[in-house]
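Please keep the sequence and the structure in view while reading.

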Amino acid sequence: SKEAVRLAPDNPVFLANGAAAAAKLARHAEAARLAEAACVLDPSYARAWLRAGQANLALETEASVQKAIRAFDKALELEPGNEAAARGKKDALITWEAEFED
């Protein structure tokens with residue numbers, strides 16, 4: 001999928017798929033960058049928001065967990081029944097409370 005992203009860097013589907021591939025290799029920063037680029041290109045693409053949320057949550061920083069919560073919210077706004085986004089948001093909120101709230 002790296003080749004697909006190289007050949008069509010403005011294709012949100014290729015970018016989101018590249019994000020999934022990077023995530024499987026535990027390259028979470030790359031996954032977040034690709035997914036966020038897909039979100040910019042197509043803000044109505046729920047899967048891109050889901051992948052952005054998953055990648056940012058995996059980075060486990062204060063800023064990335066906040067980004068993850070926002071991304072999962074956007075995915076749920078676009079697809080209210082998206083179970084993966086609902087689970088991701090729940091996990092992100094648990095992480096936020098456990099790691100970053102006083």
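At 19% relative accessibility, Glu30 counts as buried, a class that means under 20% relative accessible area, whereas exposed means over 50% and partly exposed lies in between (1.4 Å probe, protein chains only). The model is predicted, so local features need pLDDT of at least 70 and side-chain atom pairs count only at pLDDT 80 or more, while totals for chains, interfaces and linings use all residues. Residues are numbered from 1 along each chain as its sequence is written, and side-chain values use heavy atoms, with hydrogens and water left out.

**Salt bridges**

A salt bridge is taken here as a side-chain nitrogen of Lys or Arg within 4 Å of a carboxyl oxygen of Asp or Glu, and by this rule the count comes to 4 salt bridges.

| Pair | N to O distance |
|---|---|
| Glu30 and Arg27 | 2.7 Å |
| Lys67 and Glu36 | 3.5 Å |
| Asp73 and Lys89 | 2.6 Å |

In the pair of Glu30 and Arg27, the partner Arg27 counts as partly exposed, at 32% relative accessibility.

Lys67 and Glu36 form a salt bridge in which the closest N and O atoms are 3.5 Å apart. Because Lys67 lies in helix α5 and Glu36 in helix α3 (residues 28-41), this pair ties together parts that are 31 residues apart in sequence; helices are DSSP runs (H or I, at least four residues), numbered from the N terminus, and strands are runs of E of at least two residues. Lys67 counts as partly exposed at 36% relative accessibility, and Glu36 is also partly exposed, with a relative accessible area of 24%.

The side chains of Asp73 and Lys89 meet in a salt bridge at 2.6 Å, N to O. Asp73 lies in helix α5 and Lys89 in helix α6, so the pair ties together parts that are 16 residues apart in sequence. Asp73 is partly exposed, with a relative accessible area of 31%, and Lys89 is partly exposed at 25%.

**Asn56 and its surroundings**

Which side chain makes a polar contact with the side chain of Asn56? The partner is Glu36, at 2.7 Å, where a polar contact is a pair of N or O atoms within 3.5 Å; within protein, one must be able to donate a hydrogen and the other to accept it, and residues adjacent in sequence count only if both atoms are side-chain atoms. Asn56 lies in helix α4 and counts as buried, at 3% relative accessibility. Not counting residues up to four places away in sequence, Asn56 touches Ala32, Glu36, Ser64, Val65, Lys67 and Ala68, contact meaning heavy atoms within 4.5 Å. Both members of the salt bridge between Lys67 and Glu36 are therefore included among the residues that Asn56 touches, by the contact cut-off of 4.5 Å.

**Helix α6**

The 17 residues of helix α6 (residues 83-99) should span 24 Å at 1.5 Å a residue, and the end C-alpha atoms are 24 Å apart, which agrees; the expected span is 1.5 Å times one less than the number of residues. Within α6, Ala85, Gly88, Ala92 and Trp96 are buried. They cover an arc of only 75° around the axis, which puts them on the same side of α6, the arc being that of the directions from the helix axis to the C-beta atoms. An α-helix has 3.6 residues a turn, so residues three or four places apart point the same way. The buried residues of α6 pack against α4 (46-59) and α5 (62-78), whereas Glu83, Lys90 and Ala98, on the other side of α6, are exposed. At the start of α6, a side-chain oxygen of Asn82 reaches to within 3.1 Å of the backbone nitrogen of Ala84.

**The aromatic pair**

Rings of Phe, Tyr and Trp (its six-membered ring) pair if their centres lie within 6.5 Å; planes under 30 degrees apart count as stacked, over 60 as edge-to-face and the rest as tilted. By this rule the count comes to 1 aromatic pair. The rings of Trp96 and Phe100 have their centres 5.3 Å apart and their planes at 40°, so the pair is tilted. Trp96 is buried, with a relative accessible area of 16%, while Phe100 counts as partly exposed at 22%.

**Two loop residues with positive phi**

Most residues other than glycine have a negative phi. Ala26, in the loop between α2 (12-24) and α3, has a positive phi near 60° and is exposed, with a relative accessible area of 51%. Glu60, found in the loop between α4 and α5, likewise has a positive phi near 60° and is exposed, at 58% relative accessible area.
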